[in-house]
Amino acid sequence: MEKRTLDEFKERCKAFGLKITPQRIAIYQEILNSSNHPSAEAIYRNIREAHPNISFDTVNRTLLTLAEMGFIQVVEGSGDVRRFDSNAEPHHHLRCNQCGAIIDFYNRKYDQLEIPKEIQGKFSVNKIRVVLEGICSSCQENLKE
Ligand SMILES: [Zn+2]
Ligand SMILES: [Zn+2]
C-alpha cells in the first residue's frame, strides 16, 4: 500500500474513533489490492497465512465497518454471499451468471440516468448503479469448448 493511502487510512480511522490495528490494515490492504469484488471469505483465505490469529468474524466485521466508514462498498446482493468493492469511484457492474464474477465498468450516460418522475420527491436517490447480468468472456470461451 502506498504510504499516502496508508496515512489517509490512519487519519480517517482516528477521525472515526477506530483503533488502528495491523489486522485492520491488512484487511484494508487486501481489499485494495483485489479487483474482483471479494467476499469476506476470500479476504479471510488470503490473509490467514500472514495473520494466523485472525478470525473470519474479525475479517467480516472489519469489512462491514470499513463499508460503514465509506472506505469500501458492499456490492448490492442478489441473495448470494455479500461481496465488497474497494472502488469508490461511481461505476457500474457486469455480473456473470455463470461464475459469479463482478466486473467494473464506467459509463457517463448511466451515471446520469434520469430518475423517473414517479420516484422523484418520494425517494431521495444518492447513488445510481447499473448492473448488467450475463456471461463473461472467459465463461463464453469455456462454453465454446
Ligand atoms: Zn463468468
Ligand atoms: Zn465495483
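From the N terminus on, the elements of the chain run α-α-α-α-β-β-β-β-α-β-α. In total there are six helices and five strands, where helices (H or I, at least four residues) and strands (E, at least two) are DSSP runs, numbered from the N terminus. The model is a predicted one, in which local features need pLDDT of at least 70 and side-chain atom pairs count only at pLDDT 80 or more, while totals for chains, interfaces and linings use all residues. Residues are numbered from 1 along each chain as its sequence is written, and chains are lettered from A and ligands numbered from 1 in the order in which they are written.

**Overall layout**

Along its principal axes, the C-alpha trace of the chain spans about 50 × 45 × 30 Å. The chain is divided into domain 1 (3-75) and domain 2 (89-144), with bounds that come from an automatic or database domain assignment. The C-alpha centres of domain 1 and domain 2 are 25 Å apart.

**Helix packing around α4**

Helix α4 (residues 56-68) packs with helix α2 (residues 22-33) and also with helix α3 (residues 40-47). The table gives the geometry of both pairs; axes are lines fitted to C-alpha atoms, for helices over the stretch in contact, and angles run from 0 to 180 degrees between N-to-C directions.

| Helix pair | Angle | Axis separation |
|---|---|---|
| α2 and α4 | about 70 degrees | 10 Å |
| α3 and α4 | about 125 degrees | 9 Å |

The angle between α2 and α4 makes the two helices roughly perpendicular, whereas α3 and α4 are oblique to each other. In these terms, angles under 35 degrees count as roughly parallel, over 145 as roughly antiparallel, 65 to 115 as roughly perpendicular and the rest as oblique.

α2 passes α4 in a right-handed crossing; a crossing is left-handed if the near helix is turned anticlockwise from the far one by less than a right angle, and right-handed if clockwise. Gln23, Arg24, Ile27 and Tyr28 of α2 meet Thr58, Val59, Thr62, Leu63 and Leu66 of α4, contact being counted if the C-beta atoms of two residues, placed from the backbone, lie within 7 Å. These contact residues of α2 and α4 comprise five nonpolar, three polar and one charged. Here Ala, Val, Leu, Ile, Met, Phe, Trp, Tyr, Cys and Pro count as nonpolar, Asp, Glu, Lys and Arg as charged, and the others, Gly among them, as polar.

The crossing of α3 and α4 is right-handed. Its contact involves Ala40, Ile43 and Tyr44 of α3 with Phe56, Val59, Asn60 and Leu63 of α4. Six of these residues are nonpolar, one is polar and none is charged.

**The three-stranded sheet**

An open sheet of three strands has the order β4-β3-β5, with mixed pairing; two strands pair if DSSP finds at least two bridges between them. β4 (102-105) and β5 (131-134) stand at the edges, each with a single partner strand, so one side of each has no neighbour in the sheet. The twist averages 25 degrees from one strand to the next.

Strand β3 (residues 92-96) pairs with β5 in the parallel sense over four bridges, and with β4 in the antiparallel sense over four bridges. Histidine 93 has valine 131 as its bridge partner in β5 and stands opposite aspartate 104 in β4. Arginine 95 stands opposite glutamate 133 in β5 and opposite isoleucine 102 in β4. β3 and β4 form a hairpin with five residues between them, and glycine 100 in the turn has a positive phi of about 85 degrees.
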